[in-house]
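Please look through the sequence and the model shown below before reading on. The report that follows begins with the ligand and then turns to the strands and helices.

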Amino acid sequence: MPTVLAISGSPSGTSRTVAAAESALDRLEVLGFAVRHLAVRDLPAADLLAGKTSNPEIRRALDEIAAADGVIVATPIYKASYSGVLKALLDVLPQRGLAGKTVLPLATGGSLAHLLAVDYALRPVLTSLGARHVVEGAFLLDSAFVSDATGIRYTLAPDADLRLDDAVGGFAMALGMMYGPRHEVGRGGLAAHRRHALFAPLDDPMLRDPVRG
Ligand SMILES: Cc1cc2nc3c(=O)[nH]c(=O)nc-3n(C[C@H](O)[C@H](O)[C@H](O)COP(=O)(O)O)c2cc1C
């Protein structure tokens with residue numbers, strides 16, 4: 001079963017970025033992926049900034065990244081780029097720390113002016129880390145997040161929810177393709193395959209790993 005790790009890079013304790021990442025993971029779990037979430041803010045900050053990869057918590061985080069088939073990289077947009085918190089973790093990855101992995105970039109931001117930050121700032125870093133496939137990501141505006149009565153949990157407005165669905169569907173499909181028989185990919189066209197990837201469980205023969213069975 002493919003594993004997906006979400007890395008969220010917000011320093012905030014009540015984070016929209018975390019809400020988006022967890023919402024994406026919930027959808028993937030329903031599809032049969034094994035999912036985990038790594039919030040960079042929970043790692044020991046001093047050792048992370050000093051690049052001390054011998055710290056057990058940082059070591060465990062690096063091992064989780066290495067073990068994942070797919071990685072969701074979720075960040076708030078800060079100063080027209082991804083967050084420094086996220087960069088602190090990316091900087092302690094090995095040079096090809098995302099080699100062979102499928103990556104879904106997610107960003108939250110206050111302004112549509114920085115809609116393209118995922119593509120001009122984050123995507124080149126992910127590619128330089130060796131990501132095999134960086135699928136189309138999603139940029140979610142602050143205004144798309146609705147907080148509940150406690151003010152600490154967010155849900156997504158319907159249109160943003162659909163865009164996240166779309167991004168997660170593309171990611172699941174890319175992971176499914178990587179695990180499924182290649183000759184099946186074109187059957188019924190991309191849209192049909194996408195519907196299949198979204199709604200079929202992972203034990204479906206179309207998505208099964210031909211090597212691992
Ligand atoms: C220091 C700082 C810088 C920010 N810079 C930008 C920016 O350049 N562009 C933008 O669209 N939003 C910017 N924002 C807004 C955040 O990206 C936005 O509120 C995001 O949803 C916060 O995510 P979080 O709730 O996960 O922390 C900034 C926020 C902060 C605190």
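## The shell around the ligand

The ligand is surrounded by 16 residues, and the closest are S10, S15, T17, P76 and G109, where a residue is near a molecule or strand if its C-beta atom, placed from the backbone, lies within 6 Å of it. The elements that give two or more residues to this shell are α1 and β4 (102-109); helices (H or I, at least four residues) and strands (E, at least two) are DSSP runs, numbered from the N terminus. By class, the shell holds four nonpolar, nine polar and three charged residues, with Ala, Val, Leu, Ile, Met, Phe, Trp, Tyr, Cys and Pro counted as nonpolar, Asp, Glu, Lys and Arg as charged, and the others, Gly among them, as polar.

This is a predicted model, in which local features need pLDDT of at least 70 and side-chain atom pairs count only at pLDDT 80 or more, while totals for chains, interfaces and linings use all residues. Residues are numbered from 1 along each chain as its sequence is written.

## The protein as a whole

The protein has seven helices and eight strands, and buried residues make up 40% of its 213 residues. A residue is buried if 20 or more other C-beta atoms lie within 10 Å of its own, exposed if 12 or fewer, and partly exposed in between, with C-beta atoms placed from the backbone. Among contacts between residues at least 6 apart in sequence, 75% join residues at least 24 apart, a contact being two residues whose C-beta atoms, placed from the backbone, lie within 7 Å.

With strand β3 (residues 70-76), β1 pairs in the parallel sense over five bridges, where V4 stands opposite G70 and L5 has V71 as its bridge partner.

The 16 residues of α1 reach 23 Å from the first C-alpha to the last, close to the 22 Å expected at 1.5 Å a residue, the expected span being 1.5 Å times one less than the number of residues. Because 13 of its 16 residues are buried, α1 is largely enclosed by the rest of the structure, and α1 is followed by G32, whose phi is positive, near 110°.

## Strand β3 and its link to β4

Seven of the seven residues of β3 are buried, so β3 is largely enclosed by the rest of the structure. Both faces of β3 are covered, with G70, I72, A74 and P76 buried on one side and V71, V73 and T75 buried on the other. Seven bridges pair β3 with β4 in the parallel sense, and I72 stands opposite L104 in β4.

Helix α4 (residues 84-90) forms a right-handed β-α-β unit with β3 and β4. In the loop between α4 and β4 lies A99, which counts as exposed because it has 12 C-beta neighbours inside 10 Å. The C-alpha atoms of A99 and D69 are separated by 9.9 Å, although these residues are 30 residues apart along the chain.

Technical notes: Two strands pair if DSSP finds at least two bridges between them. A crossover is right-handed if, with the strands pointing away from the viewer, the path from the first strand over the helix to the second runs clockwise.
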